[in-house]
Structures are given as C-alpha cells and as structure tokens.
Amino acid sequence: KPRVLSGIQPTADSFHLGNYLGALRQWVAMQDTHEAFYCVVDLHAITVEQDPKKLRQRTRVSAAQLLALGIDPARSTLFVQSHVPEHAQLGWVMQCLTGFGEASRMTQFKDKSARQAADHVGVGLFTYPILQAADILVYRANEVPVGEDQRQHLELTRDLAQRFNSRYGKTFVLPEPHIVKDTAKIYDLQDPTSKMSKSVPAGVVELLDEPKVSAKKIRSAVTDLEREIRYDTEKKPGISNLLVIYSALTGRALSALEADYEGKGYGDLKKDLADVVTDFVTPVREKVRGYLDDPAELDKILLGGAQRAREVASRTLEAAYKRIGFLPPA
Ligand code: ATP
Ligand code: MG
C-alpha cells in the first residue's frame, strides 16, 4: 500500500469546514487505500504564540475531532508531532539544505507575518515549511492530502527530497500533493476572497460551534447585490462559496443546486445551508464530547500512535544521518 501523511495544527478550539472539506475528508477516505500517518502538529502551532494550557487542551480536542470525523486508530497511525522527535531532527537537516531565498518565497509566510507586529514574527514561522517537509519525508509518504494553500510547501518538500537524494544517495520518496479541486479552497464567509482560517476567526464555520452560531454566521455571509443564485467565482465569490460548501456536504452537483434555487432568494439558500451544516456537525459534536469525556483513553490512543510512528521515522532518520556522514552513536 502507498503511504499517506498529513497534519493539522491545534491552533483553535475547533476545526472548520475548510479543514474538513479541503483535507480531513480525504484523510478519512485514504485510510482504506493507504498506509496512513496522521498527526496533530503542535510544533507548528508554536510558530505563533500559544498559551500552554490552551495548547494542551486544543491538542486533545484536535485528536478528538479527527476520531469523531472517522479516523480509525486501528487502521491509521494517529499521533502528536512532538511525541516523535525525529520530525524536529530531520527538520534541522532539511533546514541546512534549504536556500534562504527559496524559503523567502513561501507566500504563506508573507501572509501570516503581515498579520503580526514585526518584532512578534519568529524565525519558526519562517522555517516552518521546512519542518513540514521533514514531517512528510520522515515517513517516505507517497501522498499528502492538503488544501490548495499547501501546494507551494509540497513543492518545496519535493525539491528538498530531490536535493538530498542527489547529494547523498536515494533516501527519500518524492511525495505528491493530493488536492481535491472542488473543495481545495473554502473561503471566509465574511471575506469570500480570502481562505477560511483558524487563525483569522471572522466568517469561520467551526465544526464545534453551536448550530445556532453557525446558522447566524451563514445568514450574515457576505454576498453581492444581485439576486440570482449562480456559481460564478469571479462575480459572485460569496454565493459560489456557499454553493461549494452545500454541494460538498450533500453530494448534489452545483448545476443541480442552481436549478433548485432558481427564482429563490439568498435567504432561502442560507437557511437551507445552515440546516445542512447542522445535520453534518451534530453527530460529530456528540462524538467529540464522548472522546473528551475520557482523556486517559484519548492519550492512550495518541501514545500508541506515536510508538508506531517512531518505528518508521527513526529508521528513515538513521538512514539519512548515515548518508550525511554523521558518526553512528553506537
Ligand atoms: P491556521 O490559520 O492556524 O494556519 P488553518 O485553518 O490554515 O489554520 P491548518 O492546520 O494550517 O489550518 O491546515 C490543516 C489543513 O486544512 C491543511 O491541509 C490545509 O491546506 C487545509 N485548509 C486550511 N484552510 C483551508 C480552506 N479554507 N480550504 C481548504 N483547505 C483548507
Ligand atoms: Mg494553515
């Protein structure tokens, strides 16, 4: 079986519909066809300031959501990034292979650093795509299910794998991004030109929000001054985003939705979408509560996952260290 690796940051109290439709839904599906490694990437979370108590809680809530969405710890290796020190160790190696100019071209750094005062921007935010490359390469993953915003980081990962391989001999697999076009970028409901993000909590539909709260966010989604319900990302980014979410959660084609809503108003679409979202999140919220009721069991699942992950990661790291010319420790 080919291998899949992906991660998600514990940077909020809840995941959102963009995370689910852009990435997590594919994580669940790929468990059947791949040997799966999925992690809560807490090392990445501290690239921006985190409160320790909240970070601990959010790491558990993240794992609980992954389980609730259908990640099965019997079929997938589910773990917390900081439990597997090989990520950071290979991360250093990858940093030494990365050009400063190359790292400077990462657009996500430009976006995220622009949102903070200059003296609050840490070097970790700058180098995090390189650690992400190590996350992937240390498992020799073949595929990485992510949203569109991660495409550039996947290209960097492939470049670094290639560079290491040609300098030291074939060690790493060049991973392919697995990006599902239709839902690769879900937009913020308040600003339908920028991506829905955990770290910009404006028009974000959170999985763990009360359905009433989500309904309100959907009702107040920014649209346009026309009346027609039509998929047109250029002229109608707000309505198009709502249609994409609706279509993805119901399996109904965009063209069928356009026909369903002919002659109806934006209010009708928003009300129905709120119901669709409620139906989707209600069982997820219940399951999350169940997992959080038993944190000891949750931690046990994560530690078991970390053990399995380390077996694979330590072998890759050892091979890489040897080829670099590091003296074996024993
Ligand atoms: P942060 O703002 O802290 O970066 P985030 O919402 O971008 O949070 P991540 O943990 O960085 O979430 O990303 C987890 C996964 O979700 C990644 O694969 C990413 O590409 C995907 N993703 C994030 N936002 C969206 C979105 N709006 N649409 C589609 N996929 C998304
Ligand atoms: Mg992100």
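Mentor: Contact here means heavy atoms within 4.5 Å, and the model we are discussing is a predicted one.

Trainee: With that in mind, which residues does aspartate 135 touch?

Mentor: Leaving aside residues up to four places away in sequence, aspartate 135 touches Leu5, Val41, His44, Gln81 and His87. The residue itself is found in helix 7, which spans residues 123–137, and UniProt, in an unreviewed entry, places the feature "binding site" at Asp135.

Trainee: Why is aspartate 135 called buried?

Mentor: Buried means under 20% relative accessible area, and aspartate 135 has a relative accessible area of 3%, so it is buried.

Trainee: What makes the pairing of aspartate 135 with glutamine 81 a polar contact?

Mentor: The term calls for a pair of N or O atoms within 3.5 Å, one able to donate a hydrogen and the other to accept it. The side chains of aspartate 135 and glutamine 81 are joined at 2.9 Å, which is within that limit, and the pair is therefore a polar contact.

Trainee: How do you know whether the chain as a whole agrees with a compact globule?

Mentor: With 330 residues, a compact globule would have a radius of gyration near 20 Å, and because the chain has 21 Å, the value agrees. Its C-alpha atoms fill a box of roughly 75 × 45 × 40 Å along the principal axes, and its secondary structure comes to 13 helices and five strands. Among contacts between residues at least 6 apart in sequence, 76% join residues at least 24 apart.

Trainee: What share of the residues is buried?

Mentor: Buried residues make up 50% of the 330 residues in the chain, while the accessible surface comes to about 15800 Å², of which 52% belongs to carbon and sulfur atoms.

Trainee: What makes a group of residues a nonpolar core, and which members of the largest one touch the most others?

Mentor: The members must be buried residues of nonpolar kinds, such as Leu, Trp or Tyr, joined through side-chain atoms within 4.5 Å. The largest such core has 54 residues, of which Leu24, Trp27, Tyr38, Leu66, Leu189, Leu269 and Leu273 touch the most other members. Helix 12, residues 266–292, gives the most to this core, with ten residues. A second, separate core of 35 residues includes Val41, Leu90, Leu97 and Ile136. In soluble globular proteins, nonpolar side chains tend to be buried together.

Trainee: Where does Tyr38 make its contacts?

Mentor: Not counting residues up to four places away in sequence, tyrosine 38 touches a set of residues including Val4, Trp27, Met30, Ile71, Leu78 and Phe79.

Terms used:
Residues numbered from 1 in each chain as written. Chains lettered and ligands numbered in written order. Predicted model: local features only at pLDDT ≥ 70, side-chain atom pairs only at ≥ 80, totals over all residues. Heavy atoms only, no water. UniProt positions renumbered as here; feature names shortened; annotations may be inferred. Helix = DSSP H or I, 4+ residues; strand = E, 2+ residues; numbered from the N terminus. Buried < 20%, exposed > 50% of the residue type's maximum accessible area, 1.4 Å probe, protein only. Rg over C-alpha atoms; globule rule 2.2 N^0.38 Å. Areas by Shrake-Rupley, 256 points an atom, 1.4 Å probe, with all protein chains shown as cover.
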